[in-house]
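Subject: Structure for you to look at

Hello,

Here is the structure I said I would pass on. My notes on it follow below.

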Amino acid sequence: MNRPIYNFFLWIYALFYVLAGCNHFLSTSVYYVIIPKWLPAPGFLIYFSGISEIILGLLLLFNKTRRLASILIILMLIAFLPAHIYMIRKAPFMLGQIMVTPLIAWLRLPFQLVFIGWAWYYCKKTT
């Protein structure tokens, strides 16, 4: 991939995590709905994952930290899988103002694989 395209998609990916992390602080109540009931301290998990997403998104932007950030993003996305499975089991339900149907909940799951693959790409292509 040529350098301008590589950088464009890197910035998009990093921005995605920074904005997603910020959303944990702006729409905190929405996240309580998708945390499995068996996980302890949901408030802590919401804020911790938000901070983690912001930091990892920023770390993606630097050559020296990109590989580490990519690996940690992969691990974070794997850690988020129980929430996605919980959403499938819980559907249909309201997530803020969005009705999450079983189809929508199932469609979210493959996106996790896309995001893991995207992080893996930047892990392997660190320059």
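S70 touches L60, A119, Y122 and C123, leaving out residues up to four places away in sequence; contact here means heavy atoms within 4.5 Å. S70 sits in helix α4 and is buried, with a relative accessible area of 0%. Buried means under 20% relative accessible area, exposed means over 50%, and partly exposed is in between (1.4 Å probe, protein chains only). Helices (H or I, at least four residues) and strands (E, at least two) are DSSP runs, numbered from the N terminus.

Before the rest, the conventions. This is a predicted model, in which local features need pLDDT of at least 70 and side-chain atom pairs count only at pLDDT 80 or more, while totals for chains, interfaces and linings use all residues. Residues are numbered from 1 along each chain as its sequence is written, and side-chain values use heavy atoms, with hydrogens and water left out.

Helix α4

This helix runs over residues 63-79. α4 has 17 residues and reaches 25 Å from its first C-alpha to its last, close to the 24 Å expected at 1.5 Å a residue; the expected span is 1.5 Å times one less than the number of residues. Its buried residues are R66, A69, S70, I73, I74, M76 and L77. The cover over them includes α1, α3 (42-59), α5 and α6.

α4 also holds I71, which is partly exposed at a relative accessible area of 33%. Together with L68, L72, L75 and I78, I71 makes a nonpolar surface patch of about 420 Å². Patches are made of residues with over 30% relative accessible area and no salt bridge, with like charges joined within 9 Å and nonpolar side chains (Val, Leu, Ile, Met, Phe, Trp, Tyr) within 5 Å. A salt bridge is a side-chain nitrogen of Lys or Arg within 4 Å of a carboxyl oxygen of Asp or Glu, and accessible areas come from the Shrake-Rupley method with a 1.4 Å probe, where for residues only the protein chains shown count as cover.

Cores

The largest nonpolar core has 16 residues, of which Y13, Y17, L60, I73 and L77 touch the most other members. The elements that give two or more residues to this core are α1 (3-26), α4 and α6 (102-124). A nonpolar core is a set of buried Ala, Val, Leu, Ile, Met, Phe, Trp, Tyr and Cys residues joined through side-chain atoms within 4.5 Å. Not counting residues up to four places away in sequence, I73 is in contact with Y13, Y17, L56, L60 and A119. Another core, of eleven residues, lies apart from it, with Y31, I34, L95 and V100 among them. In soluble globular proteins, nonpolar side chains tend to be buried together.

Helices α1 and α6

α1 has 24 residues and spans 34 Å from its first C-alpha to its last, close to the 34 Å expected. Buried in α1 are Y6, L10, Y13, A14, Y17, V18, A20, G21 and H24, and what covers them includes α2, α3, α4 and α6. N7, in α1, is partly exposed, with a relative accessible area of 27%. Its C-alpha is 36 Å from that of M94, 87 residues apart along the chain.

α6 has 23 residues and reaches 34 Å from first C-alpha to last, close to the 33 Å expected. Its buried residues are A105, Q112, F115, I116, A119, Y122 and C123; their cover includes α1, α4, α5 and β2 (98-100).

What does Q112 touch, not counting residues up to four places away in sequence? The contacts are L77, L81 and H84. Q112 is buried at 7% relative accessible area. H84, in helix α5 (residues 81-90), is buried at 6%. Leaving aside neighbours within four places in sequence, H84 is in contact with R108 and L109 as well as Q112.

Backbone points to check

The peptide bond from A91 to P92 is cis, with omega near 5 degrees. P92 belongs to the loop between α5 and β1 (93-95).

A41 has phi near 50 degrees, a positive value in a residue other than glycine. A41 lies in the loop between α2 (28-34) and α3 and counts as partly exposed at 43% relative accessibility. A41 and S70 are 29 residues apart in sequence and 26 Å apart in space, C-alpha to C-alpha.

Regards
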